[in-house]
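Subject: Structure handover

Hello,

Here is the structure I promised to pass on. Please open it first, then read my notes below.

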Amino acid sequence: MNATNRTLLAIHQEIQQMQNSVNGLFHRSKIKQFYSDNGIRIDTIHKKMRELQSEYFVIENEQIKKGEDSKPIMQEGKDRKEFEDKFEILMNGETTIKI
């Protein structure tokens, strides 16, 4: 199935939320197969997200550092709009999902 990275991450998040539910138990083998087929794609998207965040935000203890106003602290000379544009390009990127 052709989809976007955003769609793949949404499916991943939904599966994570149902892991300990009755549906998760009933579909355990299907979930395992989904991650076998798509796990590398999910890991790659997460890696690219972390790289993009590291480029634009101050990272402390593997987390984006926040200021007193609870907003993320940008790297010096970096623009939030530029980050958001690049993030949208990443999320809208095409991928293949095996279901």
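I will start with one contact. The side chains of R6 and E88 meet in a salt bridge, at 2.9 Å from N to O. R6 lies in helix α1, residues 5-18, and E88 lies in helix α4, residues 80-91. The pair therefore ties together parts that are 82 residues apart in sequence. R6 is partly exposed, at 33% relative accessible area. E88 is partly exposed too, at 35%.

Please keep in mind that this is a predicted model.

**Overall layout**

The chain has 4 helices and 4 strands. Along the sequence they follow the pattern β-α-α-α-β-β-α-β. The radius of gyration is 16 Å. The globule rule gives 13 Å for 99 residues, and the chain is well over that, so it is more spread out than a compact globule. Along the principal axes, the C-alpha atoms fill a box of roughly 50 × 30 × 15 Å.

How much of the chain counts as buried? Of the 99 residues, 22% do. The chain exposes about 7,400 Å². Carbon and sulfur atoms supply 49% of that area.

**Charges and salt bridges**

The chain has 16 positive and 16 negative side chains. The centres of the two sets lie 8 Å apart. Side chains of opposite charge can pair when their charged atoms come close. How many salt bridges does the structure hold? It holds 8.

K86 forms a salt bridge with E55. Their closest N and O atoms are 3.6 Å apart. K86 lies in helix α4, and E55 lies in helix α3, residues 28-56. This pair therefore ties together parts that are 31 residues apart in sequence. K86 counts as partly exposed, at 33% relative accessibility. E55 is partly exposed as well, with a relative accessible area of 34%.

E84 and R80 also meet through their side chains in a salt bridge, at 3.2 Å from N to O. Where do these two sit relative to each other? They are 4 residues apart in helix α4, so about one helical turn separates them. E84 is partly exposed, with a relative accessible area of 36%. R80 counts as partly exposed, at 37%.

Salt bridges that share partners join E55, K78, E82 and K86 into one.

**A buried threonine**

Have a look at T95, in strand β4, residues 94-96. Is T95 buried or exposed? T95 is buried, because its relative accessible area is 13% and the cut-off for buried is under 20%. Which residues does T95 contact, leaving aside its neighbours within four places in sequence? They are M1, N2, A3, T4, N5, L8 and R41.

**The loop between β2 and β3**

Most residues other than glycine have a negative phi. Two residues here have a positive one. N61 is not a glycine, yet its phi is about 55 degrees. N61 lies in the loop between β2 (59-60) and β3 (63-64). N61 counts as exposed, at 71% relative accessibility.

E62 is the other case. Its phi is near 65 degrees, a positive value in a residue other than glycine. E62 is found in the loop between β2 and β3. E62 is exposed, with a relative accessible area of 76%.

**An exposed glycine**

The last stop is G77, in the loop between β3 and α4. G77 is exposed, with a relative accessible area of 80%. How far is G77 from L9? The two are 68 residues apart in sequence, and their C-alpha atoms are 30 Å apart in space.

**Where to look**

Then go to K86 and E55, which link helix α4 to helix α3. Finish with T95 and its contacts, among them M1 and R41.

Best wishes

Conventions
Residues are numbered from 1 along each chain as its sequence is written. This is a predicted model: local features need pLDDT of at least 70, side-chain atom pairs count only at pLDDT 80 or more; totals for chains, interfaces and linings use all residues. Side-chain values use heavy atoms; hydrogens and water are left out. The radius of gyration is taken over C-alpha atoms; the globule rule is 2.2 Å times the number of residues to the power 0.38. Buried means under 20% relative accessible area, exposed over 50%, partly exposed in between (1.4 Å probe, protein chains only). Accessible areas come from the Shrake-Rupley method with a 1.4 Å probe; for residues, only the protein chains shown count as cover. Lys and Arg count as positive and Asp and Glu as negative; His and the chain ends are not counted. The place of a charge is taken as NZ of Lys, CZ of Arg, CG of Asp or CD of Glu. A salt bridge is a side-chain nitrogen of Lys or Arg within 4 Å of a carboxyl oxygen of Asp or Glu. Contact means heavy atoms within 4.5 Å.
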